[in-house]
Amino acid sequence: MILLNPGPVNVSERVRRALLEPDICHRESECSDLLADIRQKLLQAFVPDNESDYTAILLTGSGTAAVEAALLSSVPLGKRVMVINNGVYGQRLWSMACTQRLGGVEFRLKWGEAPDPEKVLLALRQHKEVHTVAMVHHETTLGFMNPAEKIAEIADGLNRVFLLDSVSGLGGEALDIATPHMYMVASAAQKCIQGFPGVAFVIVRKGFMESIKKYPKRNWYLNLANYYEEQERGTVPFTPAVQVYYAFREALQELLDEGVANRCARFRGYATTIRKRMVSLGVNAVLPSEYQSNTLTAFHLPEDISYSSLHDQLKDAGYVIYAGQGEMESKIFRVANIGALEEGNITGFLDAFEVVLKKGCGST
Ligand SMILES: Cc1ncc(COP(=O)(O)O)c(C=O)c1O
């Protein structure tokens with residue numbers, strides 16, 4: 001089955017085989033070595049030449065665990081959070097902040113609307129209580145690229161901390177983490193890095209990590225300082241998903257072998273193939289091209305075709321597409337193009353799509 005959902009993705013045989021490494025005890029040196037290796041490869045991949053200024057903290061869990069750990073660990077006593085919310089995952093960030101009574105400013109926009117940097121600046125000037133500015137890099141809701149670097153620069157210019165949810169972006173979308181403005185980036189294994197679900201991580205600027213250690217603990221299991229201190233000692237606070245970590249290490253080596261820029265370009269190439277063919281079939285993308293990511297495209301559902309019928313017929317042909325969310329659920333479909341795919345998988349999908357489209361499938 002070819003997965004064209006935005007993760008979990010198809011992995012390579014090389015990554016799958018890594019699951020079969022020997023059983024180990026998580027309190028033994030083999031596990032310490034595995035963790036150290038993964039942390040080092042993360043820095044090599046995402047902050048090359050600046051590895052000594054950053055740390056990578058591993059968590060067993062999905063991307064949301066890393067995002068929540070980063071957000072709740074980043075706020076000193078009495079301070080608040082501003083969330084730029086222009087999609088489902090921005091909304092999730094805001095809900096996390098509100099659940100912990102940390103919400104200060106919800107910078108709410110329509111889905112697919114870019115934040116105006118001037119307005120963000122103004123809002124931050126008005127809200128001195130805001131310490132952390134959080135946003136999503138690639139808003140998977142519509143495949144929308146947020147101007148992360150620009151907003152990071154504004155937040156840092158006003159001495160605020162910038163946190164990025166790059167769960168669906170890192171490894172597939174260009175991102176310069178090693179600027180002075182980016183404090184924390186949360187992501188996970190099962191999307192652009194082409195690993196299995198079950199391991200997530202936060203890349204944090206070391207100087208800021210030292211500050212975090214002094215902040216109040218707002219949660220227990222997902223407290224980032226706790227993970228950091230243990231991992232710096234070569235240990236783990238809780239039992240990690242060891243076999244998934246083996247596969248993650250292999251996926252990171254595979255990413256380093258391919259090169260992050262080449263991976264981004266490969267995904268961009270697949271997306272271009274998909275978008276061109278959809279145009280020729282009269283199927284329209286939801287977003288204008290300047291906001292589209294390398295990794296996912298949201299399309300308007302063609303008339304007279306329900307999502308479930310389209311999905312089921314494509315699945316019968318061997319391809320899994322993805323539904324819209326919330327208010328878009330019955331109006332759009334999404335096609336991601338990440339994972340251990342080849343151009344032939346993409347053209348195979350497009351051929352199958354064309355057959356379904358020409359047949360017409362009515363609503364079910
Ligand atoms: C931008 C973004 N953030 C967070 C998540 C949540 O990730 P997970 O399902 O791994 O918890 C996703 C999942 O698709 C996402 O796309």
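A word on ground rules. Residue numbers start from 1 along each chain, following the sequence as written. Since this is a predicted model, local features need pLDDT of at least 70 and side-chain atom pairs count only at pLDDT 80 or more, while totals for chains, interfaces and linings use all residues. Helices (H or I, at least four residues) and strands (E, at least two) are DSSP runs, numbered from the N terminus.

**The open sheet**

Let's start with the sheet. Strands of a sheet pair through backbone hydrogen bonds, either parallel or antiparallel. Here, pairing takes at least two DSSP bridges between two strands. The open sheet has 7 strands in the order S2-S10-S9-S8-S5-S3-S4, and its pairing is mixed. At its edges sit S2 (54-60) and S4 (103-108), each of which pairs on one side only. From one strand to the next, the twist averages 20 degrees. Inside that order, S3 (residues 80-85) and S5 (residues 130-136) run parallel and are joined by 4 bridges, with Met82 opposite Val133 in S5.

Two helices lie across parts of this sheet. For the angles, axes are lines fitted to C-alpha atoms, for helices over the stretch in contact, and the values run from 0 to 180 degrees between N-to-C directions. Helix H5 (residues 117-126) covers S3, S4 and S5, and runs at about 165 degrees to S4. Helix H8 (residues 224-232) lies across S2 and S10 (199-205), at about 105 degrees to S2.

Next up is S14 (residues 332-336). Is this strand enclosed or open? All 5 of its 5 residues are buried, so S14 is largely enclosed by the rest of the structure. Buried means that 20 or more other C-beta atoms lie within 10 Å of a residue's own (12 or fewer is exposed, in between is partly exposed; C-beta atoms are placed from the backbone). Both faces are covered, with Ile332, Arg334 and Ala336 buried on one side and Phe333 and Val335 buried on the other.

S14 pairs antiparallel with S11 (residues 296-300) through 5 bridges, and Leu296 stands opposite Ala336. S13 (residues 322-323) also pairs with S14 in the antiparallel sense, over 2 bridges. There, Tyr322 has Arg334 as its bridge partner.

**Helix packing**

Two packed helices are described by the angle between their axes and the distance between the axes.

| Helix pair | Angle between axes | Axis separation |
|---|---|---|
| H3 (residues 63-73) and H4 (residues 88-99) | about 50 degrees | 10 Å |
| H11 (residues 307-316) and H12 | roughly 130 degrees | within 10 Å |
| H10 (residues 260-280) and H12 | about 20 degrees | 10 Å |

As for labels, angles under 35 degrees count as roughly parallel, over 145 as roughly antiparallel, 65 to 115 as roughly perpendicular and the rest as oblique. H3 and H4 are therefore oblique to each other, and their crossing is right-handed. Right-handed means that the near helix is turned clockwise from the far one by less than a right angle, and left-handed means anticlockwise. Contact means that the C-beta atoms of two residues, placed from the backbone, lie within 7 Å. Val67, Glu68 and Leu71 in H3 meet Leu93, Met96 and Ala97 in H4. The residues of this contact split into 5 nonpolar, no polar and 1 charged. In that scheme, Ala, Val, Leu, Ile, Met, Phe, Trp, Tyr, Cys and Pro are nonpolar, Asp, Glu, Lys and Arg are charged, and the others, Gly among them, are polar.

H11 and H12 are likewise oblique to each other, and H11 passes H12 in a right-handed crossing. Leu310, Gln313 and Leu314 of H11 make the contact with Ala352, Phe353 and Val356 of H12.

H10, by contrast, is roughly parallel to H12. Tyr270, Thr273, Ile274 and Arg277 of H10 touch Glu343, Ile346, Thr347 and Leu350 of H12. That contact divides into 4 nonpolar, 2 polar and 2 charged residues.

Phe349 is buried, with 25 other C-beta atoms within 10 Å. Leaving aside neighbours within four places in sequence, Phe349 is in contact with Ile2, Leu4 and Tyr319. Its C-alpha atom is separated by 9.7 Å from that of Ile321, 28 residues apart along the chain.
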